[in-house]
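Dear colleague,

Please find below the structure that I am handing over to you. My notes on it follow, and I would be grateful if you read them with the model open.

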Amino acid sequence: MGKSVFVMEAGGPAPATALCSVEELALDHYRRSGFDRGIHGEGSTFTTLYGLLLWDVIFMDGVPDAFRNAYQALPLDLCTDSFYASRRPAIEARLQLIHHAPAESLRAWVAATWQAQHGRAASIVSWDRFASLQQAQDLVSCLGGRVLSGVCRRLATDFRHCRGGLPDLVVWSSRNRRFKLVEVKGPSDRLSHKQMTWLHELQKLGADVEVCHVAAVGAKSKSVA
């Protein structure tokens, strides 16, 4: 019992195969389809971008009872309704800037937070999610302001319920900046309500979304009496 394991061709001069997860198999499929960059991060990819783009708003001073000491990894109200209400003017102003920002501005904002805060404990940011600052900048350039502001809005207004259900993969082309947000489903796996909601919301924002169904071919099973 457990997650399915698949076999795929391994890169290299000599023919070889490697065992992989369903998400790794899907990444290889999209790589062969022209999307030469990709991340399997599920919600952490998007919450990290959210943290990088709104860091100073999330950790802003002057919010009552949000911080009790200097070592907190998140504001105490992050997963409550009061998070958005207490910061509404600042959040809305930032979301408007993100929505209309050119790629160069998005890259600069990500770089500013990365260089100032990298390594600091913050539960919303997974510093190892991206291989480098360059990779994070390339991704925000592809996603664009409309998609990023829409995702950040949902996370800012209801982080507790919206941090789950985001697509497994983000794949993009370094050549033409095309991207896809992909939910991967292995054999006998189905979309959850949260996943369907996010796919619908992302599609409304203009994102290219899809569900990648991976079927088991030549799989062996053993029945247990």
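Just after helix α1, Gly 34 adopts a positive phi of about 105°. Helix α1 itself covers residues 22–32, and its buried residues (under 20% relative accessible area with a 1.4 Å probe, protein chains only) are Val 22, Glu 23, Ala 26, Leu 27, Asp 28 and Tyr 30. Helices here are DSSP runs of H or I with at least four residues, numbered from the N terminus.

The model is a predicted one, in which local features need pLDDT of at least 70 and side-chain atom pairs count only at pLDDT 80 or more, while totals for chains, interfaces and linings use all residues. Residues are numbered from 1 along each chain as its sequence is written, and side-chain values use heavy atoms, without hydrogens and water.

Helix α2 (residues 43–58) is bent: a kink of about 55° is centred on Leu 52, the bend being the angle between axes fitted to the seven residues ending there and the seven starting there. The end C-alpha atoms of α2 are only 18 Å apart, whereas a straight helix would reach 22 Å (1.5 Å times one less than the number of residues). Of the 16 residues in α2, 15 are buried.

Which residues line the largest cavity? They are Leu 78, Cys 79, Thr 80, Asp 81, Phe 83, Leu 155, Ala 156, Thr 157, Asp 158, Phe 159 and Arg 160, each having an atom within 4 Å of a point on a 1 Å grid where a 1.4 Å probe fits but cannot get out. Helix α5 gives the most to this lining, with 3 residues.

Yours sincerely

Methods: Buried < 20%, exposed > 50% of the residue type's maximum accessible area, 1.4 Å probe, protein only. Helix = DSSP H or I, 4+ residues; strand = E, 2+ residues; numbered from the N terminus. 1 Å grid on protein atoms, 1.4 Å probe; cavity = no way out; pocket = protein on both sides within 12 Å on 5 of 7 lines; lining within 4 Å.
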